[in-house]
Protein chains: 2
Amino acid sequence: MDDAEFRRVHRRELIEDRINGASRLARQALDSLGAFAQSCSADGVAELRRACLDFAEELQYARPSMAPIYDLVERWSTQVARLPDQDMDGFRRAAARIAQELTDASLRAVDDIASRAARLIGQDAVVITHSLSSTAQATLRDLAPRGVHAIVTEARPGLEGRRQALHLDQCGMPVWFITDAQIGHFVQFASVALVGADAVLRDGAVVNKAGTYLLAIAAQSHNVPFYVCCESFKQAPYTSAQFDLETVDPEELDAPRGRNITPYNVYFDITPADLIDAWIHEDGITHPTDRAPA
Amino acid sequence: MDDAEFRRVHRRELIEDRINGASRLARQALDSLGAFAQSCSADGVAELRRACLDFAEELQYARPSMAPIYDLVERWSTQVARLPDQDMDGFRRAAARIAQELTDASLRAVDDIASRAARLIGQDAVVITHSLSSTAQATLRDLAPRGVHAIVTEARPGLEGRRQALHLDQCGMPVWFITDAQIGHFVQFASVALVGADAVLRDGAVVNKAGTYLLAIAAQSHNVPFYVCCESFKQAPYTSAQFDLETVDPEELDAPRGRNITPYNVYFDITPADLIDAWIHEDGITHPTDRAPA
């Protein structure tokens, strides 16, 4: 595979992934960058650096609603741009090491958040969750031995909730598996709602898989606290009004065909801050009272 | 097909229908009763009447969340119970005629409601709807020439929203077709939410396909009025607390298999009265201010 082909394949994998959450895909982007820095056939350090930064920019904008991809890749680029013009091998090793360090930091953040979230939720809870988040998954894994029980949605159209359910099943956690439309009925049986995030906006609103906003309003209607796991890498420098939600291929819906029918597949939605009871990040937990008024 | 087989087949069709709404299925039950009264091989009027009333009772409880089936079949039974002990042929004809009259009354109610609802909604509206209701469908058909545009959900797991979309497409109405999970994002583009009902409870709450409650809370959050089409046949003598929601075969979800995974397919949910802005029935429109406090 030549350099151009490598970039195309890795960018496409990132774009077409309908299963994994933003943090996991950000780490995948870092892996791609580390591998590219080592294999790229540049003629000299300057050309290698340029190719690396170009590829990074491609990946950064591949999933515009997923803030950690932008953020972690940006951190990588910033550090790679400052690497000394040493020998090629040294540059390659350093670029790969930076990718690995950022991946490690991301994984540590997931672990830190999972511990905090598990402590906050406590034993014997019934946790309702939507879509697949590596952080929410790690939290539930921590809670599996503590009598916790999960309500998991299928999450159409990607159906990544099926993977979430299988993971929890393997951890020995009882799972009630429902359609997205049943959230309204089942939220009354939950003691807490827990989701990951693809981005956290400047106003505290959270971008996550479509359906998250419905879960949040249903939770509020039933006084079920709504918690979001969000690493600091997920901050996006926009407000809800400025943020464009990513729309993906509507073919996934297998919609009926008709000249007047237009299927939409807006993959994410925005849950405003006033529906969120805790933002759990690696440095602590923010509650609504901690936030300055918008 | 002998009588027992006829009853089994018709009852099963009613139970297994995952597409049609409660009013249409109630009319189907009346059709079955009319046909049974004409074909049943009873020995004398007394035996025929008994067989008819037994079959009616079977159908009445076939779909416990669908009030019009209970109500219209109950009306049929009441009238059939009072038919004079005339000759067999006269009894058969009368029983079939009663079924037809009740069907006609149901269809008139649908038309009356559709006209009222269409006047209430008016032209150039954007109507968001969930699941398949013959009354909501008739309303939208009336509105098709008036610049009205629909947002239609797929309605997992039965996917009867696909049929709704095709019907509106044939009426020439522009349809945006979305997953149930996208309700939260798309409700902001709607000017009104319109649904049918499987039952209207004593406290004004509405039983309808799972997902309706989510639409109602999302509509309220965006100040989008939420209207329900509900023939008088849909009144059920229960409150929300007393009402048991029908659960159907969870195999429909194609859930992942695991010893700790339990799929649920609760087909309906309950939308409380305080989320409803108008109950549209054949005799008029009830607004929240018209209702006595619960």
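Hi everyone. Before anything else, one term: I'll call two strands paired if DSSP finds at least two bridges between them. And please keep in mind that this is a predicted model.

Let's start with the sheet in chain B. As a reminder, strands of a sheet pair through backbone hydrogen bonds, either parallel or antiparallel. Here we have an open sheet of three strands, in the order E5-E6-E9 (chain B), and the pairing is antiparallel. Strand E5 (199-200) and strand E9 (268-271) of chain B are the edge strands, each pairing on one side only.

How many bridges join E5(B) to E6(B)? Two, with E6(B) covering residues 206-209 and the strands running antiparallel. If you'd like to find the spot on screen, look for Val200(B), which stands opposite Val206(B) in E6(B). Packed on this sheet is helix H9 (residues 212-221) of chain B, which touches E6 and E9 of chain B. The direction of H9 makes about 30° with that of E9(B).

Now over to a pair of helices, also in chain B. Helix H5 (residues 88-121) and helix H6 (residues 134-143) of chain B have axes that come within 8 Å and cross at roughly 50°. H5(B) and H6(B) are therefore oblique to each other, and H5(B) passes H6(B) in a right-handed crossing.

Which residues meet there? From H5(B), they include Val110(B), Ile113(B), Ala117(B) and Ile121(B). On the H6(B) side, you'll find Thr135(B), Ala138(B), Asp142(B) and Leu143(B) among them. Taken together, the residues of this contact of H5(B) with H6(B) divide into eight nonpolar, four polar and one charged.

Note on methods. Residues numbered from 1 in each chain as written. Chains lettered and ligands numbered in written order. Predicted model: local features only at pLDDT ≥ 70, side-chain atom pairs only at ≥ 80, totals over all residues. Heavy atoms only, no water. Helix = DSSP H or I, 4+ residues; strand = E, 2+ residues; numbered from the N terminus. Contact = heavy atoms within 4.5 Å. Axes fitted to C-alpha atoms, helices over the stretch in contact; angles between N-to-C directions. Parallel < 35°, antiparallel > 145°, perpendicular 65-115°, else oblique. Left-handed = near helix turned anticlockwise from the far one by under 90°. Nonpolar A, V, L, I, M, F, W, Y, C, P; charged D, E, K, R; others polar.
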